[in-house]
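Let's walk through this structure together, one step at a time. Keep the picture beside you as you read.

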Amino acid sequence: MPNQPIPPKNRARRVMPFFGLSMGVSIFALSLLVILPFLMMVLTTLQMDFGDIMRTIREPQVFAAIKLSLSMAMLATITNLIFGTLVAWVLVRYEFWGKSFLNALVDLPFALPTAVTGIALATLYAPNGLFGQWFTRLGLLLFNEPIKIAFTPIGIWLALVVVSFPFIVRAVQPVLAELSVEFEEAAAVMGASRLTTFRRVILPEIAPAMLIGAGMMFARATGEYGSVIFIAGNIPMQSEILPLIIVSKLEQFDVSGAACVALFMLLISLVVLFAINFAQWKLSARLGAKTN
């Protein structure tokens, strides 16, 4: 019997070919699109000394914009976690006339330019708008002063809710579709209430998807500019968002200051995203351990 060639021991045999090529292309694309812009932002910020960086971040106008952007992004994320999950539940578990239209309508914020969304919201919720005039009258009736939606932080929250809404629906919807109704029926047969069934059967299954959707929503809401700029009012210390601060510094040719503010906001967003991803990983590991 002829001797068979022995493959080298240091050559890893892989089922999928072209691993090296695909990995190289992936790393190149990631470096070009993510790492290089982030590195240039860091290098531009480092043109300032540490004292100037701290003074730029601690400017009252900048700090107020950071606080407003983060708080409105978090509030919009929490809002969409509740209502987005409810919409996903309705789309998966019920059959009704117009379901396909409603399912397509969820992706409308993705299709519309953000500026169009902002103009539409500002037109609807301005004091003389279609909806805004009713809030004005209601405020005068109840509090002797108008309730303002547009050109206030409430308008910022509303715009962020609209543009980030599809993320949670599309994250939770496929998980609910894969979740068998038999588990809920078994819980009902064992005497569990609807609240207990949701808390003990459904919620643990969709919680990882909800966390993923929350991370994507927060990232989108934190850096949103086009839809917010038209409805925010842009009043310093009140309704001025952080992206507008960055644009203002660029218009003043303060490139280092703009990069410093953008880098600080990016670091905060990364910390929040890593925390959400870590919580999602721990939750998935716990669910996997219970399953095994």
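In α11, the buried residues are Leu 242, Pro 243, Leu 244, Ile 245, Ile 246 and Lys 249. Here "buried" means under 20% relative accessible area, "exposed" means over 50%, and "partly exposed" is in between, judged with a 1.4 Å probe and counting protein chains only.

Before we go on, a word on the model: it is predicted, so local features need pLDDT of at least 70 and side-chain atom pairs count only at pLDDT 80 or more, while totals for chains, interfaces and linings use all residues. Residues are numbered from 1 along each chain as its sequence is written, and side-chain values use heavy atoms, with hydrogens and water left out.

Phe 253 sits in the loop between α11 (242-251) and α12 (255-291). Is this residue buried or exposed? At 75% relative accessibility, Phe 253 counts as exposed.

Another phenylalanine is worth a visit. Phe 151 is a residue other than glycine with a positive phi, near 65°. You will find Phe 151 in the loop between α7 (132-143) and α8 (153-178). Its relative accessible area is 37%, so Phe 151 is partly exposed.

Leu 179 counts as buried, at 11% relative accessibility. Which residues does Leu 179 touch, leaving aside its neighbours within four places in sequence? They are Arg 93, Glu 184, Ile 202 and Glu 205, where contact means heavy atoms within 4.5 Å. Leu 179 and Ile 206 are 27 residues apart in sequence, and their C-alpha atoms are 8.9 Å apart in space.

Let's zoom out to the whole chain. It has 12 helices and 0 strands. The radius of gyration is 25 Å, well over the 19 Å that the globule rule gives for 292 residues, so the chain is more spread out than a compact globule. That radius is taken over C-alpha atoms, and the rule is 2.2 Å times the number of residues to the power 0.38. Along the principal axes, the C-alpha atoms fill a box of roughly 95 × 65 × 30 Å.

Of the 292 residues, 35% count as buried. Among contacts between residues at least 6 apart in sequence, 76% join residues at least 24 apart. The chain exposes about 18,500 Å², and carbon and sulfur atoms supply 70% of this area, which is computed by the Shrake-Rupley method with a 1.4 Å probe.

An unreviewed entry lists residues 66-276 as "domain: ABC transmembrane type-1". Such annotations may be inferred rather than shown by experiment; their feature names are shortened, and their positions are given in the numbering used here. In the model, residues 66-276 are 75% helix and 0% strand, with end C-alpha atoms 20 Å apart. The unreviewed entry also annotates several spans as "transmembrane region", including 63-92 and 147-169. Residues 63-92 are 100% helix, and the end C-alpha atoms of that span lie 42 Å apart. For residues 147-169, the helix share is 74% and the end C-alpha atoms are 30 Å apart.

Technical notes
Helices (H or I, at least four residues) and strands (E, at least two) are DSSP runs, numbered from the N terminus.
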